[in-house]
Amino acid sequence: MTVDFAKFPDEHGHFGPYGGIFAPETLMAALEQLNQEYQSLKNDPAFLNELNDDLRDYVGRPTPLYYAKRWSESLGGAKIYLKREDLNHTGAHKVNNTIGQALLAKRLGKTRIIAETGAGQHGVASATVAARLGLECVVYMGADDVVRQAPNVARMKMLGATVVAVESGTRTLKDALNEAMRDWVTNVDNTFYIIGTAAGPHPYPAMVRDFQAIIGREAREQILEKEGKLPDALVACVGGGSNAIGLFHEFLPDEGVAIYGVEAAGHGIETGEHAAPLCAGKPGVLHGNRTYLMQDEHGQIVGTHSISAGLDYPGVGPEHAWLKDIGRANYVAINDEEALQGFRDLTKYEGIIPALESSHAIAYATKLAPTMSADQIIIVNLSGRGDKDMNTIAQIEGFEF
Amino acid sequence: MSRIQKTLSALKAQGKTALVPYVTAGDPRPNATVALMHKLVEKGADMIELGVPFSDPMADGPVIQKAVERALEHNVSLDDVLEYVRAFREKDNETPIILMGYLNPIEAEGYEAFASAASSVGVDGVLTVDMPPEESMGYFEALNQVGLDRIFLVSPTTPESRLAAVNQKGSGFVYYVSLKGVTGSNELDAADVARQIERLQDKMDMPMGIGFGIRNGENAYQMAQLGDAVIVGSALVSLIEANAHCDLYEIELALGEKMTEFRAAIDRADALNVQE
Ligand SMILES: Cc1ncc(COP(=O)(O)O)c(C=O)c1O
């Protein structure tokens, strides 16, 4: 393959046929301004220094690359390394992006931050950077997610954010995104919209990817140092796709590295109750970009299901849509039950409680590792920690929380 | 000349401003739409904007969101909307119809298939909220091929640099969004709209419609003095909501009354112009 991955997206935000800017007119100027500012800052040494200082001293980077020996041995096959994004401040990879976007918000002189959130990790990360910069913060969250991710709602409130429960549509992440867009259309003059995943209109997919790409840059260096060679496979869960593209991006030119993005199969792809647009959807336009979507034959977006709020989204970032079509990455799906087993396995063998989102990646690695040999290496992106999921787990496992 | 262009230039020649009501197709139920469209015309509509229901109406406020949800409860699809237009045309071959909606249902149908189906049932123009002129990729060409007008929104935030593309790719009229916000907001500032319309007028070779936030006769009176068409949506749709479970007759009555208020206000503004 001779694709120059660094050249994507093009200047209009296209990854092949995907991406672009499909936004209401009121936002076009703001998106253009954001793009210009971002393009001029992304190679600006002063900006990058500030960003790197924050990532080191505030977020706690670099995160470790941990060899999960006991778990690997239990599976019998490849060595599995975990990229420990769960050890970031606030407990997930989301903060890598919010730190970056908050710096941009500051440069643009915005006084108010809005965000959408599913699992609440992006909401917490946004509330955190807003608190640190003294900005007002409003987080939109589907009403169903407010219930199942209660600990994160409490954290956001603690941090001074206003959490708005969105009752429209399917009461999950996509509706939170709609509501955040409506807020932005209305308050575009003073408000910066921090999108939490590698989706939305250009420049968001590229910008979020760039902020998350530190995951893969670190992982590549770390694995070369520990093993003296590149990994054979990468595995990451895919909601909107930010932790996945963050890990994958640095490795895209390395043809020998197989790439697996893991979507949520919910109750099973065959039931239609899932959140796996790359595995079972088709291309369309939603939330400002063209990508794979879960939709009916009339182009209406259909309701999704996943045990993990962060994966419960009918779309996916446009770069993943493109990587699928050109065959550079494989997209697979893990159902609720399998994810729960992954959650239990990692907790039991390694003393690490993963987020339910990340548990999808864990579960896929348990399938993949035994098909590989002991001298092969898998890196799994452990995108977040599972504290936020204790309500869901307690209900399923039948203990008091 | 398209039906939209003819209608607007005929009104202009008489010194009149067009009244353009919006309703969501299939709201509150599928069999109401054609009757409501005829009622709107009877009560003074010069053109009709028909909303195509979409599951994720990102640029709409709560009133139209709920209208869309009511329509989607009946699974109203783009095909159904075209069928309503066909039925409407059995009795009305004059009033221009503009479809307003989001891109994905049209993508699902295919640009060319949609364009030819829409023009064959008697649609006159299409406004696709999340399809800016920059992303055309064959869409506007497909509409143009079959003579459908391409209506674009211009907002208070639209920079000068983008007006040329709107002017070049658009046709029929330009829809000026009179406030920063979603449909149904109520922050209308007439002085600001006046300034903006002035800024736009000599850059556009098309008539200017003004919409968003026009809720009563007073608003309509002010806007009619500034634009060539006044577009009213949420104010009407909220009446459909209030009467959603009533007989069609009651809905018609409520809409008719509100339309009369808008029509009278616009006519008053137009009379003012004639005196000048
Ligand atoms: C821990 C964790 N992992 C993954 C995701 C999914 O998002 P993305 O696909 O953008 O990484 C979320 C989203 O909330 C999350 O909280």
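Where in chain A is the place of His122(A)? In this predicted model, His122(A) falls in helix H5 of chain A, the run that covers residues 121–133. Leaving aside residues up to four places away in sequence, His122(A) touches a set drawn from several parts of chain A. There are Lys94(A), Asn97(A) and Thr98(A), then Ala115(A), Glu116(A) and Thr117(A), and finally Ile194(A), Ile195(A) and Gly196(A).

Turning to the contact between the two chains, chain B puts in 37 residues and chain A puts in 36 residues. Together they bury about 2,900 Å², and carbon and sulfur atoms give 52% of that area. On the polar side, 19 residue pairs are in polar contact between chain B and chain A, counting pairs with both residues at pLDDT 80 or more. The tally of salt bridges between the chains comes to four. One of the salt bridges joins the side chains of Asp189(A) and Lys180(B), at 2.7 Å from N to O.

As for what chain B brings to the side that touches chain A, the elements giving two or more residues are helix H3 (62–73), helix H5 (103–109) and strand E6 (152–154) of chain B. H5(B) gives the most here, with five residues. Sorted by class, this side of chain B has 19 nonpolar residues, along with eight polar and 10 charged ones.

Methods
Residues are numbered from 1 along each chain as its sequence is written. Chains are lettered from A and ligands numbered from 1 in the order in which they are written. This is a predicted model: local features need pLDDT of at least 70, side-chain atom pairs count only at pLDDT 80 or more; totals for chains, interfaces and linings use all residues. Side-chain values use heavy atoms; hydrogens and water are left out. Helices (H or I, at least four residues) and strands (E, at least two) are DSSP runs, numbered from the N terminus. Contact means heavy atoms within 4.5 Å. Buried area is the accessible area (1.4 Å probe) that two parts lose on being put together, summed over both. A polar contact is a pair of N or O atoms within 3.5 Å; within protein, one must be able to donate a hydrogen and the other to accept it, and residues adjacent in sequence count only if both atoms are side-chain atoms. Ala, Val, Leu, Ile, Met, Phe, Trp, Tyr, Cys and Pro count as nonpolar, Asp, Glu, Lys and Arg as charged, and the others, Gly among them, as polar.
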